[in-house]
Number of protein chains: 2
Amino acid sequence: MFVQAQVLYSFTAEPGNNELSVQEGETLTLLNQSVGGGWIEAQNSRGQTGLVPEDYIQVRGQCSIDDDEWDDESDDGKSTGGYTWSQSEEGGGTMQRGTVWLYPQTQLDCVVADPKKGTKMYGLKSYIEYQITPNSTNRPVNHRYKHFDWLYERLMEKFGCAFPIPCLPDKQVTGRFEDEFIKMRMERLQGWMSRLCRHPVVANSEVFQLFLTYTDEKDWKIGKRKAEKDETVGVMVFTTMDPEIRELDPTEVEQKCETFSRFTRSMDDRVKDLLSVGHLHWKRCTGPLQKEYQRIGKAFQNLSSVFNTSGYQGEATLTEALTATGKTYEEIAEICAGQPKKDLHFLMETNSEYKGLLGCFPDIIGVHKAAIEKVKEADRLVAMNKIGPQDKHTMAKNLSTMSYALQAEMNHFHSNRIYDYNRVMQLYLQEQVQFYETVSSLYLHLHISATN
Amino acid sequence: MFVQAQVLYSFTAEPGNNELSVQEGETLTLLNQSVGGGWIEAQNSRGQTGLVPEDYIQVRGQCSIDDDEWDDESDDGKSTGGYTWSQSEEGGGTMQRGTVWLYPQTQLDCVVADPKKGTKMYGLKSYIEYQITPNSTNRPVNHRYKHFDWLYERLMEKFGCAFPIPCLPDKQVTGRFEDEFIKMRMERLQGWMSRLCRHPVVANSEVFQLFLTYTDEKDWKIGKRKAEKDETVGVMVFTTMDPEIRELDPTEVEQKCETFSRFTRSMDDRVKDLLSVGHLHWKRCTGPLQKEYQRIGKAFQNLSSVFNTSGYQGEATLTEALTATGKTYEEIAEICAGQPKKDLHFLMETNSEYKGLLGCFPDIIGVHKAAIEKVKEADRLVAMNKIGPQDKHTMAKNLSTMSYALQAEMNHFHSNRIYDYNRVMQLYLQEQVQFYETVSSLYLHLHISATN
C-alpha cells in the first residue's frame, strides 16, 4: 500500500513545525505524498512520523520526472542569474501542475531572533534591531524594521507585476517598544521572511541575497544603492525570463488568466469572511463571554455565601458544590478568554497573510489583461502599418512568457497554500480538542467531588 | 464509618428523581444524612444508591428523637385538625433545627398528567384539563388551570401570613393550546403541586385535600363553597396553633425575625442575580453564539469550496478537513443552542420557584413585625388601662406562637431548599459534563480523521 523511499540528504526538523529529522541513506514509508508545499508526510523505521522535504528523498524503484528536470536545468538557472522553470504537459486523467518554478535543491530559510534595543543620535532616538540568520551562510545580519520596509519597497518595485509580495506587518507608532508588541512583530517578520525565502525567484534575487548576507556596513550601502538603481523592475522583469517552450495563444492566456482571477477573487472573499467572523469570535471570547462566565461564577458563589449564613445543618455539601461550580465558571472565563491566542491566533495570522497576498493579484491580473489587450490590438496596428509583424510577434511572445510566469506563480501559491492551511488547521483542531477536554475535565472533577 | 439502617416501609422510587426503591426489612448503608428535605442518600446491598425518605427507615442501634415525637403527637395532630410540631432544644456545638413541623409518616405527593382539551358552551369555549392523581387515594381528579388558580387564592388567603405560598405558573393568553406551552405548564403545575404536597400544614388542610380527593362535581361544589366561607384565614390561622412550649420573649422573637428577614432578602437578591445572568446566557447561547458558530462553520466550508475549484493536486486532505471542521461548527451551533433547555432550564425553573417563594417573605415578616410592635406597645396600653394584663399576655402568647410557626417554616424552607438545590446542581453539572464531552468527542473524531 505505502511507497518506500530513500533519504538522499540528511535533514534536521525545525521544532514545532511537524517536521521529521532524517539521516542520509535511511528508508522511509511515505504516508501522504499530497500535503503540498514541497513536503511529504513520512514515517521512519522507529515509527515516528512528520514532514520531510520531497526533494530530500528518492522514491524506490521510480525516478521522479521533476528531479530529472531540476538536475538538467538547475545549473543553467544559476549561471545566467535568470529564472528557470520546469514544465510537465497538462492533460490525462490526473491533474498536473503544468509550469512550475525551478526550486533549488536546498530551500533557503532564515531565523529572525534576538530583538535588541539600539540608540542613535546620542540616545535621542531608539530603535529595535532584529538578528536574521539565513541557513545558507549561517552568519547573522542585523536589520531594523525600516530595512525590512526598504526591502519590501524594492521587491514590490521589481516583482510586484509578477508575484504577490506579502505585506509587511503593520507599523505601530504607540507602544512600539512594549515586549508583547516586539514579540508579535518578530513572529510576523519571521513569517514574512520565511515566505519570501520559499519563493525561488525572490530568494535568488540580488536584493534579497544582499539583505540576508551583506558582510559589513559598506557592503550594505553599496548594495542598497545598486538595488535602488535596478532598472529591471515592473513589467521589465519578464524580459529576464525565457521559458523556451511552446508559445501560448492570446486566447489561451486570457482563459488561464480568467481562471486565476476567479480563484483569487473567490478566495479573497472567503478569507475576508473567515477573518471577520474570527475577529468577532475573538472579541466575544475575550469580552462578553468571559464577563458572562465570570458573572455566572460570581452568582453561584454569592448564592453559596448566603446559604452559608442559614445556620442550618447539612448545608456543607451544597455550598461546596455551589462554590466549586462558581470557581469552575471563573476558570472557564479565563480559559475562554485565553483560547483565541492559542487557536484563533494562528488561523487569523495565516489568513491575514493570505489576505495580503490575495490583495496583490488584482494588479498582477491587471498587468496581464493590459498585455492581452495590447496583443489583441496588435493585428489592427500591423494592418495600419503602425507596427511591424515582428513587433507583434515579440508582444505575443512576451505575453506568453508572462502567462507561464503566472502559471508557475499560481502553482507556487497553491502548493504553499495547501501546506500552510494544512498546518494551521491541524494546530487549530488540536487546540480546540485541548480546550473542550480541559473544560470537560474541570467539570468531571467537579461533578465527581459534588456527588461523592 | 457509615451508619446502617433498616427499611420500615417499602418505597417505590419515582423515575428520574434520583430515588431508590427499597423493600420493608432491607438493610441500607446511609451515605449522606444531610441532603435535607426529608431525604437520606443510601446504598442497598446490591450497590445501588439513591434517595430514600428518612422516615421510611430506622437507623440501627439508635432511635431518632424526631421519630419519637412524631409518634407521640401525630394522633393529636390528626384528631384536632390543628397543627403540631416537634421541638428540639437549640445550643451545643452542633446546629440544631429548633422547631420543625410535624411531618406525616407518608408524604403526600401527586402526579399531574394527561392534559386533555375539553370544550363547553357547545364548543364555543375550549380549555385544557389536567389529571391529578394523589398517592393517598391513587384516584385521579381533573382540574383546569382556573381551579389551580382558585386553590392558590384560597391558600394565599388562609396561609399567606404564615407561609410562602408558591406562585402559580404564569398565565399566557396567546398560544394557550400549543403543545410546547401545555407541556411546560404541566411541568410547572407538577412542581407547584409537589411543593404544596411537601408542606405538612398545607397538605393536611381541608381545601387542599378537597382539591385532590373530591369525589364528584357536587362534592367539589359544596367543598368550594365551604372553603370560600372559611373564616380561619390571615392572622387567624395562628389561633389554630398551640406549640405548648416555652413562651418566647418579644425581644427573642424580634431577633429571630430579623435573622430570617436578612437571610430571605439576601437569598432573594442572589437568586435574582442568578436568574438575570442565566437569562442573558440563555439568550446568548440560542442567539449570537449559535449564529456565530454557524457563521464560522459556513466560513470554513466556503473556503473549502473555493479550494476545491483550484484544479490543483493534493487538495483533498485539506478540503475534507476544512469541510469537516465547518460541519463540526454547525453541529456545535446546534448543541450550543439546545444546551440551555438541558441544563439552564432546570436551574432557572428552580430559581424561579424560589424567587416566588422569597417574594412572599416580606409580607410574612411584616405581619410578624406588626405583632412585635403591638406587644411592645401593650405595656403602655396596660399602664393607661386601655387593655388588661391578661390581654397583654394573650398578645405575647400569640406572638410567641407566630414565631414558632415562622421557625418551623424556615426549617421547612431550608430543608427543601437544600434538597432542591442539591438536585438541580447535580443535574446541571451532569449536563455540563455531557456538553463538553460531546463537543470534545466531535473534535477528537474530526482531528483523528484530519491527521490520518
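Predicted model: local features only at pLDDT ≥ 70, side-chain atom pairs only at ≥ 80, totals over all residues.
## Sheet of chain B

Two strands are taken to pair if DSSP finds at least two bridges between them. Within β9(B), Ser126(B) stands opposite Thr119(B), and Tyr127(B) stands opposite Gly118(B). The two strands make a hairpin with four residues between them. In its turn, Met121(B) has a positive phi of about 50°.

The open sheet of chain B has three strands in the order β8-β9-β10, and their pairing is antiparallel. The edges are taken by β8 and β10 (141–144) of chain B; each has a single partner strand, so one side of each is left without a neighbour in the sheet. On average, neighbouring strands are turned by 30° against each other, direction ignored. Helix α2 (residues 145–159) of chain B packs on this sheet and touches β8, β9 and β10 of chain B. The direction of α2(B) makes about 85° with that of β10(B). Helix α3 (residues 179–198) of chain B lies across β8 and β9 of chain B, and runs at about 130° to β8(B).

## Sheet of chain A

In chain A, three strands form an open, antiparallel sheet in the order β8-β9-β10. Strands β8 (110–120) and β10 (141–144) of chain A are the edge strands, each pairing on one side only.

Strand β9 (residues 125–134) of chain A pairs with β10(A) in the antiparallel sense over four bridges. Glu129(A) has Arg144(A) in β10(A) as its bridge partner. Helix α3 (residues 179–198) of chain A packs on the sheet, where it touches β8 and β9 of chain A. The direction of α3(A) makes about 130° with that of β8(A).

## Helix α2 of chain A and its neighbours

Which helix does helix α2 (residues 145–159) of chain A pack against at an angle of about 165°? The partner is helix α5 (residues 206–213) of chain A, and the two axes are 10 Å apart. That angle makes α2(A) roughly antiparallel to α5(A), because angles over 145 degrees count as such. The crossing of the pair is left-handed. On the α2(A) side, the contact holds His147(A), Phe148(A), Trp150(A), Leu151(A), Arg154(A) and Leu155(A); on the α5(A) side, it holds Val207(A), Phe208(A), Leu210(A) and Phe211(A). By class, these are eight nonpolar, one polar and one charged residues.

Helix α3(A) is another neighbour of α2(A): the axes come within 12 Å and cross at roughly 30°. The two helices are therefore roughly parallel to each other, and α2(A) crosses α3(A) in the left-handed sense. Helix α2(A) contributes Tyr145(A), Phe148(A), Leu151(A), Tyr152(A) and Leu155(A), which meet Arg185(A), Leu189(A), Trp192(A), Met193(A) and Leu196(A) of α3(A). The residues of this contact divide into nine nonpolar, no polar and one charged. Phe148(A), Leu151(A) and Leu155(A) are among the α2(A) residues in the contact with α5(A) and are also listed in the contact with α3(A).

## A helix pair in chain B

Helix α7 (residues 250–286) of chain B packs against helix α10 (residues 344–383) of chain B at an angle of about 155°, and their axes are 8 Å apart. This makes α7(B) roughly antiparallel to α10(B). The crossing of α7(B) and α10(B) is left-handed. Their contact has 17 nonpolar, nine polar and seven charged residues.

## Relation of the two chains

How are chains A and B placed relative to each other? Chain A is superposed on chain B by a rotation of 180° with 0.0 Å of shift along its axis, at an RMSD of 0.2 Å. The two copies are thus related as by a two-fold rotation axis. Of the residues of chain A, Tyr436(A) comes closest to this axis, with its C-alpha at 2.9 Å.

Of the interface residues of chain A, 97% are also interface residues in chain B, so the copies meet through the same surface.

Definitions and conventions:
Residues numbered from 1 in each chain as written. Chains lettered and ligands numbered in written order. Heavy atoms only, no water. Least-squares fit on C-alpha atoms with pLDDT ≥ 70 in both. Contact = heavy atoms within 4.5 Å. Axes fitted to C-alpha atoms, helices over the stretch in contact; angles between N-to-C directions. Parallel < 35°, antiparallel > 145°, perpendicular 65-115°, else oblique. Left-handed = near helix turned anticlockwise from the far one by under 90°. Nonpolar A, V, L, I, M, F, W, Y, C, P; charged D, E, K, R; others polar.
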